[in-house]
Structure formats: structure tokens, C-alpha cells
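Thanks for coming. I'll go through some contacts in this structure, and I'll keep it short.

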Amino acid sequence: MKNKNTNKSVKKQRKVKITTIIFLVIDLIAFGCFFLFYGPYENFRNLIITTALDTKTHQYIAYTFWSEDTINKVIQRNAYIPIDETINLDDIKIDPSPKESYDNPYDEIILTRDPGNEDYKYIPVKVGKYDAHLVAIYDPTKVELIHSKSFKTGTGQEQIASMCKRFGGVVCINGGQFVDYGLGSDIPMGYLIKDGRIIWSDNNKKSNLIGFTNDGKLLLTYASGAEAINNGMKDALEFGPFLIVNGKKLDFVDQSAGGYSRAARVAIGQRRDGIVLFLVTEGTHANGPNLKEVIDTLSLYGAYNAANLDGGTSAQLTVNGKLMNHPKNIYGQTVTGGRRVVSGFGLVLDK
């Protein structure tokens, strides 16, 4: 009888011990979460809030843990000040010919051609601490809008490699945004202009349009599609912000923040000699360079005008059919072949 009671007592003690350990673990997890969310780790808080807001479908996460006032403060800290200047295309003198002297080492890297390749040069670079891919395109008149095979059909999206091949492109990047409820869609947002004609628009309002004129100049303009075409726009898509205009850099409310959130980035720029720069960085939807780091890198390589394109999971650069970067989704998982998107820019040699 005594052994029975002893066994029961031991089992009871084990049960109490296990229960205590479980509650202790739960308490530690809860304390850890509380400490991360409300403790001194401001960068962690900012990362969670900006990521949740960027992903659209997960905005509830930010509003569940923080007040609207806190969220607005984070947004304001990461805000940028738009460049209040009209682009002057007369400053762009297209002359990408090889030079005998260079302004600096970065200029030399751009202007020194790869043997046997007069069309473009691929340059691995760093943007902040992140690996990135820069391509210099020597003939800007060969850069044009590429887009998915159809819009609003349910099956129109394409990976950039496929899109690039269909257009006869050699080097291509993704560009504009599209309606996204978590899985994406083939419905572009804003304008798409191709060969001087609006091929997609969901409104008639003015917006940030990024594209090229007939003579190969990168035109960054706040206008309606019709106004942009009247001003010489040949191909364009809608996105932003503009990063550099007439050599003037985008400014930020908080220089240490350097632009709204961190992510894999995509940008397009043009030097004063007309050479076009495609820049795609590594990263994820929530981890990568900020806008200031992108601007600083483009400036080093001579960008006189530049604009931000759709990044995050959508970031893609292909060269001769090969995907050069490593796109990742919001969970950090590799997206094989790149996400399906709706638009971009490409170096198209054969028409």
C-alpha cells in the first residue's frame, strides 16, 4: 500500500514539474516577445511595422501590437522628401564611346568594355553590406519596356526571364507594381506606355512615370500618361520614388533610416553620357539596402537621373536568359526562377 501511495506521489510530482516547466517556457516566450516588441530594440520594432505595412495583406500585425500613433511615428521616420525639380533632358549628351581618361575608378569600370561586348557590361557590386548586380547599357535607344503576355486574364504574369526572351531582350529587369493580395496577379497598377501608346491604365491621374524618350533619354515625370507622351515619352511604367533628378539626390526625414524600410531593391538610372544603369540587389521583402544606400551606389557610378522600381520578392535581373540574383519571398525562401510579374525594362538588340 505504501509503495502504491509512493508511486502516486512521484507521478503527481512529475506531473506538477512538467506543468511548471511548460508554463515557465510559455512565460519565457511571452516575456521574450514582449521584450522584443516593446523593449529597447527599436530597429526590430521598425522592421516588423514597415514589413507588415509593405506586404499589404499583413498590415493587421502592426496594428495588433502597436498603437496608430507609434506606427505613424515609424512611417514618418522612414519617410523621404520628394525631389522638387523638373528633369532637364538637355543635360544628357549621349556619347557612350570609350574614353582615354576617366573621372574616377568607378567611371573607368563603367567605360571599360568587356572584350567582344560593346552592348553592355555586368558588374558585381555592394550596396551597403548587400551583394548586388549592376549592368551598364551603352546604347540607351535599345532600352525598352517589356511586359507580360496579357493583362487581367488570370494567366498573364511571367517571370522576367520568359518575358525578356519573348521580347528578344538580352538584359532585363522587372519594373512596375501590380495588384497583389498575397499571391500577385496580372493586373498592373498605374500606367504602361509602349511605343508612344498607353497599353494599360487604371486611372487618368498624374503619377510618377519612369521611361524613355525616342532618343533614349530616361524621362522621370509626374504626369498623366497622355501628358508624358506629349512630352516625348516612348515607353514607360508607373513607380517611384525618383531617386536622383539632375544630379540632385532624394532626401530623407531621418538620414539614419535612409528611406522607407529595407528590402531587395531594383533601380534604373542614366549617366550624363547616356549610359543606362540597371541595379538589382540581393535581400528579401524585409531585409536589404535602404534607398539611401541605393542612391549612394548609383551616384558612385555616375547616375545623373535615377528611379526606384518594384523590389522585394519581385526583384529580378536576367542576363542572356540567366537569373543573376536570388529572389526570396517574405519568409526568406528562394523563389525558383523569380516571381511572376507584369512589366520591366530590357536591352533589346534585335527588333
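There are 14 salt bridges in this predicted model, where a salt bridge is a side-chain nitrogen of Lys or Arg within 4 Å of a carboxyl oxygen of Asp or Glu. Before the individual pairs, a note on the predicted model: local features need pLDDT of at least 70, side-chain atom pairs count only at pLDDT 80 or more, and totals for chains, interfaces and linings use all residues. Residues are numbered from 1 along each chain as its sequence is written, and side-chain values use heavy atoms, with hydrogens and water left out.

Take Asp-107 and Arg-271 to begin. Their side chains meet in a salt bridge, at 2.6 Å from N to O. Helices (H or I, at least four residues) and strands (E, at least two) are DSSP runs here, numbered from the N terminus.

Are Asp-107 and Arg-271 buried or exposed? Both are buried. The cut-offs are these: buried is under 20% relative accessible area, exposed is over 50%, and partly exposed is in between, with a 1.4 Å probe and protein chains only. Arg-271 has 6% relative accessibility, so it counts as buried.

Arg-271 also forms a salt bridge with Asp-273, at 2.9 Å from N to O. Asp-273 is buried as well, with a relative accessible area of 13%.

Now Lys-249 and Asp-296. They form a salt bridge in which the closest N and O atoms are 3.7 Å apart. This pair, too, links distant parts of the chain: Lys-249 is in strand 12 (residues 248-249) and Asp-296 is in helix 8 (residues 291-300), 47 residues apart. Lys-249 is partly exposed at 41% relative accessible area, and Asp-296 is partly exposed at 30%.

There is also a network of salt bridges, which links Glu-144, Lys-194, Asp-195, Lys-234 and Asp-235.

That brings me to strand 10, residues 233-238. Of its 6 residues, 5 are buried, so strand 10 is largely enclosed by the rest of the structure. Which strands pair with strand 10? One is strand 6 (residues 192-194), which runs antiparallel to strand 10 and is joined to it by 2 bridges. Another is strand 8 (residues 207-213), also antiparallel, with 5 bridges to strand 10. Pairing here requires that DSSP finds at least two bridges between the strands. Thr-213 has Met-233 of strand 10 as its bridge partner.

Next, the cysteines. The model has 1 disulfide, counted as a pair of cysteine sulfur atoms within 2.5 Å. A disulfide is a covalent bond between the sulfur atoms of two cysteines. This one joins Cys-164 to Cys-172, at 2.0 Å from S to S. The torsion about the S-S bond of Cys-164 and Cys-172 is about 75 degrees, so the disulfide is right-handed. Cys-164 is buried at 4% relative accessible area, and Cys-172 is buried at 0%.

Last, Arg-339. This residue is in the loop between strand 18 (322-323) and strand 19 (343-348). At 17% relative accessibility, Arg-339 counts as buried. Its side chain makes a polar contact with the side chain of Asp-180, at 2.8 Å. A polar contact is a pair of N or O atoms within 3.5 Å; within protein, one must be able to donate a hydrogen and the other to accept it, and residues adjacent in sequence count only if both atoms are side-chain atoms.
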